[in-house]
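Colleague: I'd like to learn how to read packing in a helical model. Can you walk me through this one?

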Amino acid sequence: MLSKKIEAALNGQVAVEAASSQAYLAMASWAENQGLSGTAAFLYRHSDEERMHMLKLIKFINERGGRAVVPALKQPGTNFKLITDIFRSLLDHETIVTGEINGVVDLCLKEKDYTTHNFMQWYVSEQIEEEALARTLIDKLNLIGNDKGGLYLFDRDLVGMTTPQKGQGN
Ligand code: OFO
């Protein structure tokens with residue numbers, strides 16, 4: 001059975017994952033309108049993955065005797081000018097998410113909830129890989145600079161690329 005504190009922290013994380021899904025959906029739509037179809041495909045998938053992260057939390061909360069709360073969502077930012085803005089914003093966002101996840105993990109230890117602590121380790125590993133991928137993509141874009149041919153290849157490479165997932169996720 002979840003304590004009220006852990007239940008609230010996990011529901012907070014549900015809202016974070018839902019907001020991530022919306023943020024990447026807005027980025028995907030922007031990229032699609034720019035003709036960056038590979039980037040758009042990558043971001044649409046990323047948005048779906050964040051929704052899966054949210055669902056995994058909802059199911060865990062309910063299975064452990066808590067009550068999951070489906071949150072209201074704010075409209076995500078759409079003020080992008082360049083493709084680099086997208087990936088910088090994605091990395092900034094993921095860094096914040098990592099901080100939130102670490103906060104939940106910390107609370108689990110304080111509350112001696114080792115089951116939830118164990119569950120949260122999936123998110124901890126996922127964050128390491130997501131942040132690393134975002135940094136790699138930013139490095140590539142920095143190398144490409146204003147080279148349109150390079151950007152074409154970058155976009156093409158993203159068609160089949162996914163953020164690494166640990167296990168099945170639900
Ligand atoms: Fe972007 O990762 Fe969820 O947790």
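Modeller: Let's start with the core. In the largest nonpolar core, which has 24 residues, Leu-43, Phe-87 and Phe-154 touch the most other members. Helices α1, α2, α3 and α4 each supply at least two residues of this core. Before going on: this is a predicted model, where local features need pLDDT of at least 70 and side-chain atom pairs count only at pLDDT 80 or more, while totals for chains, interfaces and linings use all residues. Residues are numbered from 1 along each chain as its sequence is written, and side-chain values use heavy atoms, with hydrogens and water left out.

Colleague: What counts as a nonpolar core?

Modeller: In general, nonpolar side chains tend to be buried together in soluble globular proteins. Here a core is a set of buried Ala, Val, Leu, Ile, Met, Phe, Trp, Tyr and Cys residues joined through side-chain atoms within 4.5 Å; buried means under 20% relative accessible area with a 1.4 Å probe, protein chains only. Another core, of 23 residues, lies apart from the largest one, and its members include Ala-9, Met-54, Ile-58 and Met-120.

Colleague: Which residues is Phe-154 in contact with, leaving aside its neighbours within four places in sequence?

Modeller: Thr-39, Ile-83, Phe-87, Leu-137, Lys-140, Leu-141 and Ile-144, where contact means heavy atoms within 4.5 Å.

Colleague: And how do I read a helix pair?

Modeller: Two packed helices are described by the angle between their axes and the distance between the axes. Take α1 (residues 4–33) and α3 (residues 83–110): their axes come within 10 Å and cross at roughly 170°. These two helices are therefore roughly antiparallel, the label for angles over 145 degrees. Their contact residues divide into 15 nonpolar, four polar and four charged.

Colleague: At what angle do α2 and α4 pack?

Modeller: About 170°, with the axes of α2 (residues 37–63) and α4 (residues 114–144) 12 Å apart. So α2 and α4 are roughly antiparallel too. Ten nonpolar, four polar and four charged residues make up that contact.

Notes. Axes fitted to C-alpha atoms, helices over the stretch in contact; angles between N-to-C directions. Helix = DSSP H or I, 4+ residues; strand = E, 2+ residues; numbered from the N terminus. Parallel < 35°, antiparallel > 145°, perpendicular 65-115°, else oblique. Nonpolar A, V, L, I, M, F, W, Y, C, P; charged D, E, K, R; others polar. Buried < 20%, exposed > 50% of the residue type's maximum accessible area, 1.4 Å probe, protein only.
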